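Trainee: I would like a close look at one helix contact in this protein, with some context from the rest of the chain. Please take it step by step.

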Amino acid sequence: MPRTLVVVESPTKARTIGRFLRGRNGEVVVEASMGHVRDLPRSAQEIPARYKKEPWARLGVNVDAGFEPIYVIPKERRATIKKLKELLADADELYLATDEDREGESIAWHLTQVLKPSVPVRRMVFHEITPEAIREAFEHPREIDERLVDAQEARRILDRLYGYEVSPVLWKKVASGLSAGRVQSVAVRMVVERERERMAFRPASYWDIEGLFRPTDDQTTFPATLVAVDGVRVAKGRDFTPTGELANPDVVVLTEADATGLADGLADAEFRVRSVERKPYRRSPAAPFRTSTLQQEASRRLRWGSARTMSVAQRLYEQGYITYMRTDSVTLSEQAVATARRVIADMYGTEFVPPKPRVYRSKVKSAQEAHEAIRPAGETWKTPAQVAAELGSDEARLYELIWQRTVASQMPDATGESVSVRLGAAASDGRDAEFAASGRVIHFPGFLRVYVEARDEDEEDEDERTLPALEEGDWLEAVELRPAGHETRPPRRYTEASLIQRLEELGVGRPSTYAQIMSTIQERGYVWKKNGYLVPSFTAFAVVTLLEKHFPQLVDYAFTARMEDDLDRIASGEEQRTPWLARFYLGAEGLREQVAAKLGEIDAREVNSIPIGTDPEGRPIVVRVGRYGPFLERNGDRASVPDDLPPDELTVAKALELLEEQGKGDKILGTDPETGEVVLVRTGRFGPYVQLGDDDEAKPKRASLLKGMSVDEVSLDDALRLLSLPRSLGVDPDTGEEVLVFNGRYGPYVQRGSDRRSLASEDQIFTITLEEALELLREPPRRRGRSSQAPLRTLGEDPEGRTVTVRSGRYGPYVTDGEVNASLRKGDDPETITLERAVELLAERRAKLGK
């Protein structure tokens, strides 16, 4: 009997598909490749020896010979490849059932290059994992699409060239460990630009009157707001510029005194309805989910990050509950439309089934990643209640969202009536005051019976209150007239959802990249979250300033979108990969020459300086991004900037406060008699420390104060002793190696060669003898492993029933569910972090690990 090997990416997907293919003629073995089986070298150690001396070796791409990539099999994939080769040796045919997008096509192609099969190879494609879809894909395979592979390889090579050429510029001019990326850097620029707008923003204040009225013959009250005085419209927030100036001269700006006086003058006034305008109301359902809209809605409704959303969606897809989750399309198949209409009729009645199916067209540039929207899988759809009984909480909640959105997309419009009312009266001083009220009545709920699209917290919603029956000329009683003050608000920061939406609108990036981009910009320290909003670090400001000034094209929105379009043309065969890469990288205008020519022009001090303003004496205050983080500088005075301080909150007043506080703990202790350099005690981001020399040194020597020391009491002798570390105890007579005492980040220890032992306390740093150290080194090393210490906090159980705790680790606080650990990010406090935030961090980490 024939034996077939089917290769997929993950064990979960393998188990599900294996169940559906069981019992076919011949034996079918389904095995997981565990994702990508080979990639460009990640480090110099992975570069094959025969290429190490080539000038282009560090790139992993032979830019001098057609941009030929060097692919290597990562160490962690070698066992997988060995197993696949053993299974293939006994197989009569090979089916490659990786995902249907470009990345999946690329994985399939790489598998053929690594496995080198001598048996027939077939490409098995499907967009949902159901028995019917898998059987259909198995019986009607196709060839590997070389054009899709070419486009994906071009994307991979392009991103490698961009990152490996531009990132070293950031290391040299900003700080080590930074990275640049084709989409990543554009996303960071967008977050920084929004913060710049907030920093430049100046609020404007304005007043109006909020009233509560009722008809004289009815006890039903309704609210209305002052909109005009003597026929002139009262100013609203939209009438002011971002810097607080009035932009519209045709409005009247009321002060608190104006509003209070007018309200008092209207206390005994007789109000009448001046006009009533009624209009038909109609609202249509939103299209089914594509990748970006799913991430946006999960962010608004479930408060999830994009990584958590995609991780849960991946599990739902691989277990056969939803269709493929990385797609630009909003199209539903005829079968899916028929299923939706059947569900609607059965659950809500035939009056909720429209005469004709709804058809949606994608508005996204170059939408083509997959051919159908995200929807429940199969010819019959499980209800959210059924899924909740079968799966964990996260999967059930996301499935419910997808089910509701899909079903609602095939339901009729919601219809009703919108009503706008104007009412007014004359004040005691003769001024005319006009108020406005609006409301809505829904006559037929349509799709609202199932689903209402969420909005951002501060996004204005249409008024859905119901007004009493009113006619022109009706008399009204003013129950309350309250002067109300308002201030214009700065543009709101991006959330992950709104940033993804904006990237998509600009045509930057593709569905499969968004979740990873959101994770990367946070992991690299460019962005951190505050109450769910993305806040840029000052390092992000420095990087964006450098790129805008010296490599403007690389962070230009239109240019980046055109690159995406070019990659789409490569996929369609309209563009060739090698000539396109050559135009981008080679020649006088290519990236390689740009970097070489401009590296010497970049003034590191200039790009790392962010002006804040001037103090009362006219002295400029600047934030500078240094090797150890951002700090304030004014006329030689310096102060560290707190990690959790958003840039728009670093006003001149706050800067002066920080400079004053820093000055209290920043003093000169004296001079080092050996070097003649000044010795300082300072307070930094990680606590108090002593420093030898000033900050003009490339890397002044520093040492943390011991636990029992304080800034006020530390002496010059204390400082010199700390700066003398590591302390040499002498040489081990048996080995000839020097024995040293260190005060490390995680406590004091002794070291001989690569062998080290922790000391019991800091008191031993200056008292331990060579003999005592050697005795300690003879003891067996303490095994490093899971901490036996109690957790700092127990947060509760995650949706899978795992207990989530906060612990203190070698590299700082982290959260764990017993299986996966995730470090806390900037802005996360171990004392206040919530279970929801911890689960989000763990989901991102789990997605990165491929678990």
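Trainee: Does H5 pass H15 in a right-handed or a left-handed crossing?

Mentor: This is a predicted model, and in it the crossing of H5 and H15 is right-handed. Helix H5 covers residues 146–173, and helix H15 covers residues 538–550. Their axes come within 11 Å and cross at roughly 120°. Because angles of 65 to 115 degrees count as roughly perpendicular and those over 145 as roughly antiparallel, H5 is oblique to H15. On the H5 side, the contact is made by Val166, Val169, Leu170 and Lys173. H15 contributes Val543, Leu546 and Leu547. By class, the residues of this contact divide into six nonpolar, one charged and no polar.

For context, the protein chain has 851 residues, of which 51% count as buried. The chain holds 23 helices and 32 strands. Its C-alpha atoms fill a box of roughly 105 × 85 × 60 Å along the principal axes. Among contacts with a separation of 6 or more, 68% come from residues 24 or more positions apart.

In general, strands of a sheet pair through backbone hydrogen bonds, in either a parallel or an antiparallel sense. Strand E1, residues 3–8, pairs with E2 in the parallel sense over six bridges. Within that pair, Val6 of E1 stands opposite Val30 in E2.

Val441 belongs to strand E13, which spans residues 432–444. With a relative accessible area of 31%, Val441 is partly exposed, because that class lies between the 20% limit for buried and the 50% limit for exposed. Leaving aside residues up to four places away in sequence, Val441 touches Gly416, Glu417 and Thr466. Val441 and Pro280 are 161 residues apart in sequence, and their C-alpha atoms are 9.7 Å apart in space.

Key:
Residues numbered from 1 in each chain as written. Predicted model: local features only at pLDDT ≥ 70, side-chain atom pairs only at ≥ 80, totals over all residues. Heavy atoms only, no water. Pairing = 2+ DSSP bridges. Helix = DSSP H or I, 4+ residues; strand = E, 2+ residues; numbered from the N terminus. Buried < 20%, exposed > 50% of the residue type's maximum accessible area, 1.4 Å probe, protein only. Contact = heavy atoms within 4.5 Å. Axes fitted to C-alpha atoms, helices over the stretch in contact; angles between N-to-C directions. Parallel < 35°, antiparallel > 145°, perpendicular 65-115°, else oblique. Left-handed = near helix turned anticlockwise from the far one by under 90°. Nonpolar A, V, L, I, M, F, W, Y, C, P; charged D, E, K, R; others polar.
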